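Please read the points with the sequence and the model at hand.

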Amino acid sequence: MNKEKEKVLNEFKDHVRKMSLLGGTIALLDWDSRVYMPEKGVANRGESLGYLAGEFHKLNVSPKVKEFVDAFSKENDLDNVTSAMLRGTKKQYEISLKIPAAWEEEYSILCTNSSSAWRKAKSTGDFEVFRPHLEKIVDMKFQYLKLLGCNEKGYDVLLDDFESGITVEKLDELFGELRDGIVDLLNKIKNSKTQINDSILNVTVPKETQIKLCNFILEKMGFDFEAGRMDETEHPFTTSFSNKDVRITNHYYENDFTNALFSAIHEGGHAIYEQDIPDSLENTGVNSAASLGVHESQSRFYENIIGRSYEFWEYFYPEIQKEIPEFKNVSLEEFYKTINKVQPSLIRTSSDELTYSLHIIIRYEIEKALIEGKIQVKDLPIVWNTKYKEYLGIEPKNNSEGVLQDTHWADGTIGYFPSYALGNLYGAQFLNTMLKDIPNVYEELSKGNLDSIHKWLRENVHEYGAIYTPSELIKKVTGEELTAKYFLQYLNKKYSNIYNL
(Lines give C-alpha, C1' and ligand atoms only; values in the text may rest on other atoms or scores of the structure.)
Protein backbone atom coordinates (compact mmCIF):
# COMPACT_ATOMS: atom_id res chain seq x y z
CA MET A 1 0.00 0.00 0.00
CA ASN A 2 1.44 3.40 -1.01
CA LYS A 3 1.87 6.34 1.37
CA GLU A 4 -1.22 8.14 0.07
CA LYS A 5 -3.37 5.09 0.73
CA GLU A 6 -1.84 4.71 4.19
CA LYS A 7 -2.74 8.32 4.95
CA VAL A 8 -6.36 7.74 3.90
CA LEU A 9 -6.40 4.53 5.92
CA ASN A 10 -5.29 6.38 9.04
CA GLU A 11 -7.98 9.02 8.44
CA PHE A 12 -10.54 6.23 8.13
CA LYS A 13 -9.46 4.65 11.41
CA ASP A 14 -9.58 8.03 13.15
CA HIS A 15 -13.10 8.61 11.84
CA VAL A 16 -14.22 5.23 13.18
CA ARG A 17 -12.53 6.03 16.51
CA LYS A 18 -14.56 9.24 16.84
CA MET A 19 -17.76 7.37 16.06
CA SER A 20 -16.90 4.75 18.65
CA LEU A 21 -16.21 7.37 21.31
CA LEU A 22 -19.47 9.16 20.60
CA GLY A 23 -21.34 5.85 20.63
CA GLY A 24 -19.85 5.12 24.04
CA THR A 25 -21.05 8.47 25.34
CA ILE A 26 -24.56 7.80 24.09
CA ALA A 27 -24.48 4.36 25.73
CA LEU A 28 -23.34 5.87 29.03
CA LEU A 29 -26.21 8.36 29.09
CA ASP A 30 -28.65 5.58 28.22
CA TRP A 31 -27.25 3.39 31.04
CA ASP A 32 -27.65 6.23 33.51
CA SER A 33 -31.23 6.85 32.36
CA ARG A 34 -32.09 3.25 33.24
CA VAL A 35 -30.15 3.02 36.49
CA TYR A 36 -29.74 6.30 38.34
CA MET A 37 -31.53 9.13 36.55
CA PRO A 38 -34.45 10.68 38.49
CA GLU A 39 -37.85 10.38 36.80
CA LYS A 40 -38.13 14.11 36.17
CA GLY A 41 -34.95 14.00 34.11
CA VAL A 42 -36.56 11.95 31.34
CA ALA A 43 -37.49 14.82 29.03
CA ASN A 44 -34.08 16.51 29.14
CA ARG A 45 -32.23 13.22 28.82
CA GLY A 46 -34.34 12.30 25.82
CA GLU A 47 -33.45 15.62 24.20
CA SER A 48 -29.73 15.10 24.94
CA LEU A 49 -29.76 11.60 23.52
CA GLY A 50 -31.72 12.79 20.51
CA TYR A 51 -29.13 15.49 19.81
CA LEU A 52 -26.22 13.05 20.13
CA ALA A 53 -28.01 10.54 17.91
CA GLY A 54 -28.23 13.27 15.29
CA GLU A 55 -24.50 13.99 15.60
CA PHE A 56 -23.73 10.29 15.34
CA HIS A 57 -25.84 10.14 12.21
CA LYS A 58 -23.85 13.00 10.68
CA LEU A 59 -20.62 11.08 11.21
CA ASN A 60 -22.24 8.01 9.63
CA VAL A 61 -23.19 9.85 6.44
CA SER A 62 -20.18 12.13 6.17
CA PRO A 63 -18.88 12.40 2.58
CA LYS A 64 -15.56 11.21 3.99
CA VAL A 65 -17.10 7.81 4.66
CA LYS A 66 -17.88 7.34 0.98
CA GLU A 67 -14.30 8.31 0.17
CA PHE A 68 -13.05 5.68 2.61
CA VAL A 69 -15.35 2.98 1.24
CA ASP A 70 -14.48 3.78 -2.36
CA ALA A 71 -10.76 3.94 -1.59
CA PHE A 72 -10.55 0.46 -0.05
CA SER A 73 -13.43 -1.49 -1.56
CA LYS A 74 -11.14 -3.09 -4.15
CA GLU A 75 -8.08 -3.55 -1.92
CA ASN A 76 -7.12 -7.20 -1.56
CA ASP A 77 -4.30 -6.87 0.97
CA LEU A 78 -6.23 -5.46 3.94
CA ASP A 79 -5.83 -7.27 7.26
CA ASN A 80 -8.83 -8.94 8.90
CA VAL A 81 -9.48 -6.09 11.33
CA THR A 82 -9.45 -3.38 8.66
CA SER A 83 -11.62 -5.50 6.37
CA ALA A 84 -14.16 -5.96 9.17
CA MET A 85 -14.07 -2.23 9.97
CA LEU A 86 -14.73 -1.45 6.33
CA ARG A 87 -17.56 -4.00 6.10
CA GLY A 88 -19.33 -2.60 9.15
CA THR A 89 -18.79 1.03 8.14
CA LYS A 90 -20.06 0.43 4.62
CA LYS A 91 -23.19 -1.34 5.87
CA GLN A 92 -24.00 1.41 8.35
CA TYR A 93 -23.23 4.15 5.81
CA GLU A 94 -25.59 2.67 3.24
CA ILE A 95 -28.36 2.46 5.83
CA SER A 96 -27.75 5.87 7.39
CA LEU A 97 -27.62 7.58 4.01
CA LYS A 98 -31.29 6.71 3.57
CA ILE A 99 -32.33 7.71 7.10
CA PRO A 100 -32.66 11.48 7.79
CA ALA A 101 -30.93 12.84 10.88
CA ALA A 102 -34.28 14.25 12.02
CA TRP A 103 -35.72 10.73 12.03
CA GLU A 104 -32.79 9.44 14.12
CA GLU A 105 -33.24 12.25 16.62
CA GLU A 106 -36.99 11.79 16.90
CA TYR A 107 -36.61 8.04 17.30
CA SER A 108 -34.00 8.37 20.04
CA ILE A 109 -36.23 10.76 22.02
CA LEU A 110 -39.19 8.44 21.50
CA CYS A 111 -37.31 5.42 22.89
CA THR A 112 -36.23 7.32 26.01
CA ASN A 113 -39.81 8.43 26.70
CA SER A 114 -41.17 5.02 25.78
CA SER A 115 -38.86 3.27 28.27
CA SER A 116 -40.08 5.58 31.01
CA ALA A 117 -43.71 4.86 30.09
CA TRP A 118 -43.01 1.12 30.05
CA ARG A 119 -41.64 1.22 33.60
CA LYS A 120 -44.83 2.96 34.79
CA ALA A 121 -47.05 0.56 32.83
CA LYS A 122 -45.28 -2.52 34.15
CA SER A 123 -45.57 -1.36 37.76
CA THR A 124 -49.36 -0.99 37.39
CA GLY A 125 -50.11 -3.58 34.72
CA ASP A 126 -51.82 -0.90 32.62
CA PHE A 127 -50.96 -1.59 28.98
CA GLU A 128 -52.78 1.54 27.86
CA VAL A 129 -50.08 3.70 29.51
CA PHE A 130 -47.50 2.11 27.21
CA ARG A 131 -49.62 1.45 24.12
CA PRO A 132 -49.38 4.88 22.38
CA HIS A 133 -45.59 4.85 22.77
CA LEU A 134 -45.29 1.37 21.31
CA GLU A 135 -47.65 2.27 18.47
CA LYS A 136 -45.36 5.17 17.62
CA ILE A 137 -42.28 2.93 17.77
CA VAL A 138 -43.88 0.41 15.40
CA ASP A 139 -44.99 3.24 13.12
CA MET A 140 -41.44 4.58 13.02
CA LYS A 141 -40.15 1.08 12.25
CA PHE A 142 -42.45 1.04 9.23
CA GLN A 143 -41.09 4.47 8.25
CA TYR A 144 -37.55 3.08 8.65
CA LEU A 145 -38.27 0.15 6.36
CA LYS A 146 -39.93 2.42 3.81
CA LEU A 147 -36.94 4.77 3.83
CA LEU A 148 -34.68 1.78 3.19
CA GLY A 149 -36.88 0.78 0.26
CA CYS A 150 -37.97 -2.51 1.84
CA ASN A 151 -41.33 -3.30 0.33
CA GLU A 152 -41.16 -6.98 1.24
CA LYS A 153 -39.50 -9.04 3.94
CA GLY A 154 -39.21 -6.06 6.26
CA TYR A 155 -38.73 -8.25 9.32
CA ASP A 156 -35.62 -9.74 7.69
CA VAL A 157 -34.13 -6.25 7.71
CA LEU A 158 -34.88 -5.77 11.41
CA LEU A 159 -33.44 -9.20 12.22
CA ASP A 160 -30.26 -8.33 10.32
CA ASP A 161 -29.70 -5.35 12.62
CA PHE A 162 -28.96 -7.83 15.42
CA GLU A 163 -27.94 -11.04 13.64
CA SER A 164 -26.23 -10.38 10.35
CA GLY A 165 -27.34 -12.81 7.67
CA ILE A 166 -30.28 -14.34 9.52
CA THR A 167 -33.67 -14.43 7.80
CA VAL A 168 -37.23 -15.48 8.56
CA GLU A 169 -36.71 -18.46 6.28
CA LYS A 170 -33.68 -19.65 8.26
CA LEU A 171 -35.31 -18.95 11.62
CA ASP A 172 -38.49 -20.78 10.67
CA GLU A 173 -36.38 -23.83 9.88
CA LEU A 174 -34.19 -23.64 13.01
CA PHE A 175 -37.03 -22.71 15.35
CA GLY A 176 -39.33 -25.31 13.84
CA GLU A 177 -36.85 -28.08 14.63
CA LEU A 178 -36.15 -26.56 18.04
CA ARG A 179 -39.84 -26.21 18.93
CA ASP A 180 -40.69 -29.76 17.90
CA GLY A 181 -37.73 -31.19 19.82
CA ILE A 182 -38.57 -29.26 22.97
CA VAL A 183 -42.26 -30.13 22.87
CA ASP A 184 -41.42 -33.82 22.40
CA LEU A 185 -39.08 -33.80 25.41
CA LEU A 186 -41.55 -31.73 27.44
CA ASN A 187 -44.28 -34.31 26.84
CA LYS A 188 -41.97 -37.11 28.00
CA ILE A 189 -41.20 -35.17 31.18
CA LYS A 190 -44.91 -34.60 31.83
CA ASN A 191 -45.41 -38.39 31.68
CA SER A 192 -42.42 -39.10 33.91
CA LYS A 193 -43.01 -40.54 37.38
CA THR A 194 -40.23 -38.33 38.73
CA GLN A 195 -41.67 -35.39 40.65
CA ILE A 196 -39.49 -32.50 41.81
CA ASN A 197 -40.59 -30.53 44.86
CA ASP A 198 -39.24 -26.99 44.62
CA SER A 199 -40.63 -25.81 47.97
CA ILE A 200 -37.07 -25.63 49.31
CA LEU A 201 -36.69 -22.39 47.33
CA ASN A 202 -39.48 -20.73 49.32
CA VAL A 203 -37.12 -18.86 51.60
CA THR A 204 -36.54 -15.17 52.25
CA VAL A 205 -33.01 -14.06 51.43
CA PRO A 206 -31.96 -10.43 52.13
CA LYS A 207 -30.74 -8.44 49.15
CA GLU A 208 -27.33 -7.97 50.77
CA THR A 209 -26.85 -11.75 50.96
CA GLN A 210 -27.88 -12.16 47.33
CA ILE A 211 -25.39 -9.50 46.23
CA LYS A 212 -22.62 -11.23 48.20
CA LEU A 213 -23.37 -14.57 46.53
CA CYS A 214 -23.58 -12.97 43.07
CA ASN A 215 -20.24 -11.20 43.53
CA PHE A 216 -18.58 -14.42 44.72
CA ILE A 217 -19.71 -16.34 41.64
CA LEU A 218 -18.89 -13.50 39.23
CA GLU A 219 -15.34 -13.30 40.54
CA LYS A 220 -14.86 -17.07 40.10
CA MET A 221 -16.24 -16.78 36.56
CA GLY A 222 -13.53 -14.26 35.76
CA PHE A 223 -15.47 -10.99 35.82
CA ASP A 224 -13.02 -8.18 36.58
CA PHE A 225 -14.60 -5.78 39.08
CA GLU A 226 -11.78 -3.29 38.48
CA ALA A 227 -13.00 -3.07 34.89
CA GLY A 228 -16.69 -3.33 35.68
CA ARG A 229 -19.44 -3.01 38.27
CA MET A 230 -22.88 -4.33 39.14
CA ASP A 231 -25.85 -2.06 39.88
CA GLU A 232 -29.59 -2.51 40.35
CA THR A 233 -32.35 -1.83 37.85
CA GLU A 234 -35.85 -3.02 36.96
CA HIS A 235 -34.71 -5.27 34.09
CA PRO A 236 -31.16 -6.74 34.20
CA PHE A 237 -28.83 -5.86 31.33
CA THR A 238 -25.16 -5.42 30.52
CA THR A 239 -23.59 -2.52 28.70
CA SER A 240 -20.01 -1.77 27.71
CA PHE A 241 -18.24 1.52 27.08
CA SER A 242 -14.86 -0.18 26.59
CA ASN A 243 -13.22 -3.41 27.66
CA LYS A 244 -12.16 -1.55 30.83
CA ASP A 245 -15.67 -0.33 31.69
CA VAL A 246 -18.32 -3.05 31.48
CA ARG A 247 -21.43 -2.70 33.63
CA ILE A 248 -23.88 -5.33 34.84
CA THR A 249 -27.27 -4.60 36.35
CA ASN A 250 -29.42 -6.98 38.37
CA HIS A 251 -32.77 -7.10 40.14
CA TYR A 252 -33.41 -8.72 43.52
CA TYR A 253 -36.48 -10.48 44.91
CA GLU A 254 -36.16 -11.43 48.56
CA ASN A 255 -38.56 -14.34 48.06
CA ASP A 256 -36.79 -15.64 44.93
CA PHE A 257 -33.02 -15.49 45.37
CA THR A 258 -32.23 -17.80 42.43
CA ASN A 259 -33.63 -15.19 40.03
CA ALA A 260 -30.83 -12.74 40.84
CA LEU A 261 -28.28 -15.53 41.06
CA PHE A 262 -28.84 -16.83 37.55
CA SER A 263 -29.33 -13.32 36.23
CA ALA A 264 -25.86 -12.40 37.54
CA ILE A 265 -24.35 -15.48 35.90
CA HIS A 266 -26.17 -14.63 32.65
CA GLU A 267 -25.04 -11.00 32.63
CA GLY A 268 -21.58 -12.12 33.70
CA GLY A 269 -21.33 -14.16 30.51
CA HIS A 270 -22.08 -11.03 28.50
CA ALA A 271 -19.64 -8.94 30.52
CA ILE A 272 -16.71 -11.34 30.34
CA TYR A 273 -17.08 -11.39 26.55
CA GLU A 274 -16.79 -7.58 26.49
CA GLN A 275 -13.85 -7.51 28.92
CA ASP A 276 -11.98 -10.13 26.88
CA ILE A 277 -12.07 -8.17 23.64
CA PRO A 278 -8.43 -7.18 23.01
CA ASP A 279 -7.13 -3.64 23.55
CA SER A 280 -6.05 -3.67 19.91
CA LEU A 281 -9.71 -3.63 18.84
CA GLU A 282 -10.76 -0.71 21.03
CA ASN A 283 -12.48 2.09 19.09
CA THR A 284 -12.30 0.18 15.82
CA GLY A 285 -16.02 -0.48 15.51
CA VAL A 286 -15.33 -4.23 15.77
CA ASN A 287 -14.69 -4.17 19.52
CA SER A 288 -18.00 -5.90 20.10
CA ALA A 289 -19.59 -9.32 19.70
CA ALA A 290 -19.91 -10.94 16.30
CA SER A 291 -23.68 -10.58 16.74
CA LEU A 292 -26.33 -10.38 19.43
CA GLY A 293 -26.92 -14.12 19.02
CA VAL A 294 -23.24 -14.88 19.65
CA HIS A 295 -23.37 -12.47 22.60
CA GLU A 296 -26.37 -14.34 23.99
CA SER A 297 -24.53 -17.62 23.46
CA GLN A 298 -22.07 -16.56 26.14
CA SER A 299 -24.70 -15.50 28.66
CA ARG A 300 -26.90 -18.54 28.05
CA PHE A 301 -23.85 -20.83 28.09
CA TYR A 302 -22.72 -19.58 31.50
CA GLU A 303 -26.22 -19.35 32.96
CA ASN A 304 -27.41 -22.82 31.95
CA ILE A 305 -24.81 -25.15 30.49
CA ILE A 306 -22.37 -24.16 33.23
CA GLY A 307 -24.49 -22.50 35.93
CA ARG A 308 -27.16 -25.22 36.11
CA SER A 309 -24.76 -28.14 35.87
CA TYR A 310 -24.28 -30.54 38.78
CA GLU A 311 -20.52 -30.00 38.70
CA PHE A 312 -20.85 -26.23 39.06
CA TRP A 313 -22.82 -26.63 42.27
CA GLU A 314 -20.49 -29.28 43.66
CA TYR A 315 -18.18 -26.34 44.30
CA PHE A 316 -20.62 -23.45 44.82
CA TYR A 317 -23.43 -25.09 46.79
CA PRO A 318 -21.51 -25.07 50.12
CA GLU A 319 -21.44 -21.27 49.78
CA ILE A 320 -25.24 -21.27 49.50
CA GLN A 321 -25.45 -23.44 52.62
CA LYS A 322 -23.13 -21.09 54.49
CA GLU A 323 -25.04 -17.93 53.59
CA ILE A 324 -28.62 -19.31 53.69
CA PRO A 325 -29.22 -21.44 56.84
CA GLU A 326 -32.37 -23.06 55.39
CA PHE A 327 -30.18 -25.09 53.01
CA LYS A 328 -27.87 -26.65 55.58
CA ASN A 329 -29.86 -29.90 55.59
CA VAL A 330 -30.80 -29.85 51.90
CA SER A 331 -28.68 -32.19 49.77
CA LEU A 332 -26.81 -31.08 46.66
CA GLU A 333 -28.80 -33.60 44.63
CA GLU A 334 -32.08 -32.08 45.77
CA PHE A 335 -30.91 -28.53 45.10
CA TYR A 336 -29.61 -29.49 41.64
CA LYS A 337 -32.88 -31.08 40.60
CA THR A 338 -34.86 -28.15 41.99
CA ILE A 339 -33.01 -25.50 39.97
CA ASN A 340 -33.51 -27.64 36.88
CA LYS A 341 -37.19 -28.39 37.45
CA VAL A 342 -39.19 -28.19 34.24
CA GLN A 343 -42.38 -26.26 34.77
CA PRO A 344 -43.93 -23.94 32.19
CA SER A 345 -43.96 -20.43 33.62
CA LEU A 346 -45.06 -16.95 32.61
CA ILE A 347 -41.85 -14.97 33.03
CA ARG A 348 -39.15 -15.44 30.40
CA THR A 349 -36.19 -14.42 32.56
CA SER A 350 -37.06 -16.92 35.30
CA SER A 351 -38.26 -19.76 33.06
CA ASP A 352 -36.61 -23.17 33.10
CA GLU A 353 -33.88 -24.00 30.61
CA LEU A 354 -36.05 -26.36 28.56
CA THR A 355 -39.09 -24.15 27.99
CA TYR A 356 -37.14 -20.89 27.70
CA SER A 357 -36.87 -21.13 23.92
CA LEU A 358 -40.67 -21.40 23.65
CA HIS A 359 -40.89 -17.96 25.27
CA ILE A 360 -38.61 -16.66 22.52
CA ILE A 361 -40.51 -18.40 19.73
CA ILE A 362 -43.72 -16.77 21.00
CA ARG A 363 -42.11 -13.32 20.85
CA TYR A 364 -40.62 -14.08 17.43
CA GLU A 365 -44.01 -15.01 16.02
CA ILE A 366 -45.65 -11.91 17.52
CA GLU A 367 -42.96 -9.56 16.17
CA LYS A 368 -43.13 -11.15 12.75
CA ALA A 369 -46.93 -10.77 12.65
CA LEU A 370 -46.67 -7.16 13.86
CA ILE A 371 -44.20 -6.16 11.15
CA GLU A 372 -46.10 -8.10 8.49
CA GLY A 373 -49.22 -6.11 9.47
CA LYS A 374 -51.20 -9.19 10.53
CA ILE A 375 -51.80 -7.82 14.03
CA GLN A 376 -51.75 -4.34 15.59
CA VAL A 377 -50.31 -3.05 18.86
CA LYS A 378 -53.77 -2.92 20.44
CA ASP A 379 -54.08 -6.68 19.86
CA LEU A 380 -50.86 -7.59 21.70
CA PRO A 381 -52.26 -8.44 25.17
CA ILE A 382 -54.82 -10.86 23.71
CA VAL A 383 -52.39 -12.37 21.18
CA TRP A 384 -49.74 -12.74 23.90
CA ASN A 385 -52.11 -14.50 26.32
CA THR A 386 -53.45 -16.77 23.61
CA LYS A 387 -49.99 -17.94 22.56
CA TYR A 388 -48.94 -18.61 26.16
CA LYS A 389 -52.03 -20.74 26.60
CA GLU A 390 -51.30 -22.58 23.34
CA TYR A 391 -47.54 -23.13 23.77
CA LEU A 392 -47.14 -23.43 27.54
CA GLY A 393 -50.60 -24.19 28.81
CA ILE A 394 -50.68 -21.15 31.11
CA GLU A 395 -52.15 -17.67 30.90
CA PRO A 396 -51.03 -14.38 32.50
CA LYS A 397 -53.26 -12.95 35.23
CA ASN A 398 -52.22 -9.41 34.31
CA ASN A 399 -50.18 -7.53 31.71
CA SER A 400 -47.20 -7.06 34.04
CA GLU A 401 -46.50 -10.79 33.92
CA GLY A 402 -47.63 -10.87 30.30
CA VAL A 403 -47.01 -8.49 27.44
CA LEU A 404 -45.32 -5.85 29.64
CA GLN A 405 -42.69 -8.11 31.19
CA ASP A 406 -39.82 -7.23 28.78
CA THR A 407 -38.26 -3.85 28.10
CA HIS A 408 -37.10 -4.65 24.54
CA TRP A 409 -40.02 -3.19 22.59
CA ALA A 410 -39.91 -0.04 24.72
CA ASP A 411 -36.26 0.35 23.66
CA GLY A 412 -37.23 -0.13 20.02
CA THR A 413 -35.30 -3.39 19.73
CA ILE A 414 -37.76 -5.26 17.54
CA GLY A 415 -35.90 -8.19 16.01
CA TYR A 416 -33.71 -8.80 19.06
CA PHE A 417 -35.63 -11.61 20.77
CA PRO A 418 -34.60 -14.42 18.35
CA SER A 419 -31.00 -13.78 19.46
CA TYR A 420 -31.71 -15.47 22.80
CA ALA A 421 -32.79 -18.76 21.25
CA LEU A 422 -29.98 -18.54 18.69
CA GLY A 423 -27.65 -18.07 21.67
CA ASN A 424 -28.77 -21.44 23.04
CA LEU A 425 -27.90 -23.08 19.72
CA TYR A 426 -24.51 -21.37 19.41
CA GLY A 427 -23.65 -22.18 23.03
CA ALA A 428 -24.38 -25.92 22.74
CA GLN A 429 -22.45 -26.11 19.48
CA PHE A 430 -19.48 -24.37 21.15
CA LEU A 431 -19.75 -26.85 24.05
CA ASN A 432 -19.58 -29.80 21.66
CA THR A 433 -16.25 -28.54 20.32
CA MET A 434 -14.96 -27.42 23.73
CA LEU A 435 -15.39 -30.96 25.12
CA LYS A 436 -13.20 -32.30 22.32
CA ASP A 437 -10.48 -29.79 23.25
CA ILE A 438 -10.91 -30.07 27.03
CA PRO A 439 -12.37 -33.51 27.87
CA ASN A 440 -12.04 -32.91 31.64
CA VAL A 441 -13.85 -29.58 31.64
CA TYR A 442 -16.62 -30.76 34.00
CA GLU A 443 -14.10 -32.35 36.36
CA GLU A 444 -12.34 -28.98 36.62
CA LEU A 445 -15.65 -27.26 37.08
CA SER A 446 -16.47 -29.42 40.10
CA LYS A 447 -13.33 -28.01 41.74
CA GLY A 448 -14.44 -24.44 41.11
CA ASN A 449 -11.97 -24.00 38.27
CA LEU A 450 -13.66 -22.00 35.54
CA ASP A 451 -10.35 -20.77 34.13
CA SER A 452 -10.07 -23.41 31.40
CA ILE A 453 -13.61 -22.60 30.20
CA HIS A 454 -12.89 -18.88 30.25
CA LYS A 455 -9.58 -19.36 28.44
CA TRP A 456 -11.16 -21.51 25.71
CA LEU A 457 -13.95 -18.99 25.11
CA ARG A 458 -11.52 -16.09 25.09
CA GLU A 459 -9.20 -17.74 22.56
CA ASN A 460 -11.92 -19.14 20.32
CA VAL A 461 -14.69 -16.54 20.52
CA HIS A 462 -14.03 -13.39 22.53
CA GLU A 463 -10.71 -12.24 21.13
CA TYR A 464 -12.12 -11.94 17.62
CA GLY A 465 -14.73 -9.33 18.54
CA ALA A 466 -16.74 -8.64 15.40
CA ILE A 467 -13.95 -9.45 12.96
CA TYR A 468 -15.99 -12.38 11.64
CA THR A 469 -19.67 -12.55 10.80
CA PRO A 470 -21.65 -14.96 13.01
CA SER A 471 -21.84 -17.58 10.26
CA GLU A 472 -18.08 -17.28 9.68
CA LEU A 473 -17.34 -17.54 13.40
CA ILE A 474 -19.44 -20.64 14.10
CA LYS A 475 -17.86 -22.36 11.09
CA LYS A 476 -14.36 -21.31 12.19
CA VAL A 477 -14.86 -22.58 15.76
CA THR A 478 -16.88 -25.75 15.16
CA GLY A 479 -16.36 -26.57 11.49
CA GLU A 480 -20.12 -26.59 10.88
CA GLU A 481 -23.00 -24.27 10.05
CA LEU A 482 -25.32 -23.36 12.90
CA THR A 483 -27.67 -26.22 13.77
CA ALA A 484 -30.22 -27.03 16.47
CA LYS A 485 -29.09 -30.65 16.88
CA TYR A 486 -26.40 -30.09 19.52
CA PHE A 487 -28.69 -28.10 21.78
CA LEU A 488 -31.41 -30.73 21.48
CA GLN A 489 -28.88 -33.49 22.20
CA TYR A 490 -27.69 -31.59 25.26
CA LEU A 491 -31.25 -31.08 26.54
CA ASN A 492 -32.25 -34.71 25.98
CA LYS A 493 -29.16 -36.06 27.77
CA LYS A 494 -29.50 -33.72 30.74
CA TYR A 495 -33.23 -34.02 31.33
CA SER A 496 -33.39 -37.74 30.61
CA ASN A 497 -31.02 -38.12 33.53
CA ILE A 498 -32.93 -35.76 35.84
CA TYR A 499 -36.35 -37.21 35.05
CA ASN A 500 -35.30 -40.86 34.54
CA LEU A 501 -36.72 -40.93 31.02
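1. Basis of the model. The model is predicted: local features need pLDDT of at least 70, side-chain atom pairs count only at pLDDT 80 or more, and totals for chains, interfaces and linings use all residues. Residues are numbered from 1 along each chain as its sequence is written, and side-chain values use heavy atoms, with hydrogens and water left out.

2. Most residues other than glycine have a negative phi. Asn-283 has a positive phi, near 60°, and sits in the loop between helix H10 (257-276) and helix H11 (292-306). Helices here are DSSP runs (H or I, at least four residues), strands likewise (E, at least two), both numbered from the N terminus. For Asn-500 phi is also positive, near 50°, and this residue belongs to the segment after helix H20 (485-498). Asn-283 is partly exposed at a relative accessible area of 23%, whereas Asn-500 is exposed at 57%; buried means under 20%, exposed over 50% and partly exposed in between (1.4 Å probe, protein chains only).

3. Asn-243. This residue occupies the loop between strand E2 (238-242) and strand E3 (245-250) and is buried, with a relative accessible area of 5%. A polar atom of the Asn-243 side chain lies 2.9 Å from the backbone oxygen of Ile-277. Beyond its neighbours within four places in sequence, Asn-243 has contacts (heavy atoms within 4.5 Å) that include Ala-227, Glu-274, Pro-278 and Glu-282.

4. Asp-32 and Arg-45. A salt bridge is a side-chain nitrogen of Lys or Arg within 4 Å of a carboxyl oxygen of Asp or Glu, and the count comes to 37. In one of them, the closest N and O atoms of Asp-32 and Arg-45 are 2.8 Å apart. The pair links helix H1 (residues 3-35) to helix H2 (residues 42-60), and both residues are buried.

5. Lys-212 and Glu-323. Here the closest N and O atoms of the salt bridge are 3.0 Å apart. Lys-212 in helix H9 and Glu-323 in helix H12 are 111 residues apart. Lys-212 is partly exposed at 48%, while Glu-323 is buried at 18%.

6. Lys-494 and Glu-353. This salt bridge has its closest N and O atoms 2.7 Å apart. Lys-494 lies in helix H20 and Glu-353 in the loop between helices H13 and H14, so the pair ties together parts 141 residues apart in sequence. Lys-494 is buried at 9%, and Glu-353 is buried at 3%.

Technical notes:
Polar contact = N/O pair within 3.5 Å; in protein donor to acceptor, adjacent residues only side chain to side chain.
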